Amino acid sequence: MEYFWISLFVMAGVTYLIRAIPFAMCKGKVENKFIKSFLAYVPYAVLGAMTFPAILYSADHLLAGIVGTIVALLLSYQRKSLLTVALAACAAAFVVLAVMAI
């Protein structure tokens, strides 16, 4: 039980420090255009890096994830709605899994 509380406090401290250090170091407004543009794209890059592998390996077979991703990319490139893209990608992956099961 003691290990649990020590681990909890260490994780809470590390999490707090990661979020508090940038605020403590950057007191003024960021004026550098390169840093501003870099920081603007960080959330999208992190979200993509976390989401993309999960998309590929969400189904039983890698091929189903790849086909679903391709369908989603094609439909989103055509500016279809989010619901349409998600449903079509799921349907494409389902069809691939159904064909592979035969």
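1. Let's start at T69, which lies in helix 3. Helices here are DSSP runs (H or I, at least four residues), numbered from the N terminus. Before going on, note that this is a predicted model, where local features need pLDDT of at least 70 and side-chain atom pairs count only at pLDDT 80 or more, while totals for chains, interfaces and linings use all residues. Residues are numbered from 1 along each chain as its sequence is written, and side-chain values use heavy atoms, with hydrogens and water left out.

2. Is T69 buried or exposed? With a relative accessible area of 13%, T69 is buried. The cut-offs are under 20% relative accessible area for buried and over 50% for exposed, with partly exposed in between (1.4 Å probe, protein chains only). Leaving aside residues up to four places away in sequence, T69 touches F52, I55 and L56. Contact here means heavy atoms within 4.5 Å.

3. Now for helix 3 as a whole. The helix covers residues 62-77, and at 1.5 Å a residue its 16 residues should span 22 Å; the end C-alpha atoms are 22 Å apart, so the two values agree. The expected span is 1.5 Å times one less than the number of residues.

4. Which residues of helix 3 are buried? They are A64, G65, G68, T69, A72 and L75. These residues cover an arc of only 135 degrees around the axis, which puts them on the same side of helix 3. The arc is taken from the directions from the helix axis to the C-beta atoms. As background, an α-helix has 3.6 residues a turn, so residues three or four places apart point the same way.

5. What does that buried side pack against? The buried residues of helix 3 pack against helix 2 (33-56) and helix 4 (82-101). On the other side of helix 3, you'll find L73, L74 and Y77 exposed.

6. There's also a nonpolar surface patch to look at. Y57, L62, L63, I66, I70, L74 and M100 make up this patch of about 670 Å². Helix 3 gives the largest share of the patch, 5 residues. I70 has its place in helix 3, and at 45% relative accessibility I70 counts as partly exposed. Patch residues have over 30% relative accessible area and no salt bridge; like charges are joined within 9 Å, and nonpolar side chains (Val, Leu, Ile, Met, Phe, Trp, Tyr) within 5 Å. A salt bridge is a side-chain nitrogen of Lys or Arg within 4 Å of a carboxyl oxygen of Asp or Glu. Accessible areas come from the Shrake-Rupley method with a 1.4 Å probe, and for residues only the protein chains shown count as cover.

7. Have a look just after helix 3, where R79 takes a positive phi of about 60 degrees. That is a positive value in a residue other than glycine. R79 sits in the loop between helix 3 and helix 4 and is exposed, with a relative accessible area of 77%.

8. A93 is in helix 4 and counts as buried at 15% relative accessibility. C-alpha to C-alpha, A98 and A64 are 9.7 Å apart in space and 34 residues apart in sequence.

How values were computed
Helices (H or I, at least four residues) and strands (E, at least two) are DSSP runs, numbered from the N terminus.
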